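Keep the viewer open as you read.

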Amino acid sequence: PVIVNNLKTNTAEITRLSSRAGCLDPAYQEASSICLTHLGADVEEAGTDAENQAPVAGGERGAPLLPESAQGQSSATEAAEAEAPPAEAPSNRKSAASIQAAPSGELSEEFFEGLPVSVRGRVAFGVVREAYLLIERLVVARNCRFVAGAPLEPVPLAELHAAGAKVLGRSGEQVLSSLRSLKLITFSAKRGALLTRPITKKERQAARKLPTALPR
């Protein structure tokens, strides 16, 4: 009704000014009169229908009415969301502190798969496990003669490679990096690889019974 009333007022004002200026088109006056008549009839029907319907909010029929307090909270929430910085996408990269070390002397596929791809690359767990068993075996054999206070002697990478361990090249670097990240070995290109765990007396005794040249 408000829109129709405003339209009537505007039309009447246009008609008055046009008549004063002598430029009122009879066709326009007739069309505006017919339009206002139909609009008036529609407004009366709309008013009758509105009385039979529940109150609406926001100009949408059937929309639930919210208390003023809830509306205020909704506006505040929308404003806060608009001002909040966009959330950062989760990163797949793991920091060194988040890498879980394997239990002493134990290598499992679960811990290996927990390493970031940047460390383990595309090397399969079976290759890493085989290399670790050979490192473990050769380190024990090299240090089977216990000398009190003497440091353990690492096994050169060339010797590990000759025994069948994949420790050279890009894949070999990923194998060694994976074992070092799991705190199972330490290694350097010059000195070789060494276990981080101590060698037990039982292992030393068993290694002394083996031949000097270990079979591959």
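The largest nonpolar core holds 32 residues, and those touching the most other members are Leu107, Ile135, Leu160, Leu179 and Ile185. A nonpolar core here is a set of buried Ala, Val, Leu, Ile, Met, Phe, Trp, Tyr and Cys residues joined through side-chain atoms within 4.5 Å; buried means under 20% relative accessible area, with a 1.4 Å probe and protein chains only. Two or more residues each come from α4 (109–113), α6 (125–142), α7 (157–163), α8 (169–181) and β2 (192–195). α6 gives the largest share, with 9 residues. These element names follow DSSP runs numbered from the N terminus: helices are H or I with at least four residues, strands are E with at least two.

Before going further, please keep in mind that this is a predicted model, in which local features need pLDDT of at least 70 and side-chain atom pairs count only at pLDDT 80 or more, while totals for chains, interfaces and linings use all residues. Residues are numbered from 1 along each chain as its sequence is written, and side-chain values use heavy atoms, leaving out hydrogens and water.

Now pick out Leu179. Setting aside neighbours within four places in sequence, Leu179 is in contact (heavy atoms within 4.5 Å) with Leu107, Val128, Tyr132, Ile135, Leu184 and Ile185. Leu179 belongs to the buried residues of α8, along with Gly172, Gln174, Val175, Leu176, Ser177, Ser178 and Ser181. What do the buried residues of α8 pack against? Their partners are α4, α5 (117–120), α6, α7 and β1 (185–188).

Just after α8, Lys183 adopts a positive phi of about 60°.

Next come the strands. β1 and β2 form a hairpin with 3 residues between them, pairing in the antiparallel sense over 4 bridges; strands count as paired if DSSP finds at least two bridges between them. Within this pairing, Ser188 stands opposite Gly192 of β2.

Finally, zoom out. The protein chain has 9 helices and 2 strands, in the order α-α-α-α-α-α-α-α-β-β-α. Of its 216 residues, 26% count as buried. Among contacts in the chain with a separation of 6 or more, 60% join residues 24 or more positions apart.

Notes: Buried means under 20% relative accessible area, exposed over 50%, partly exposed in between (1.4 Å probe, protein chains only).
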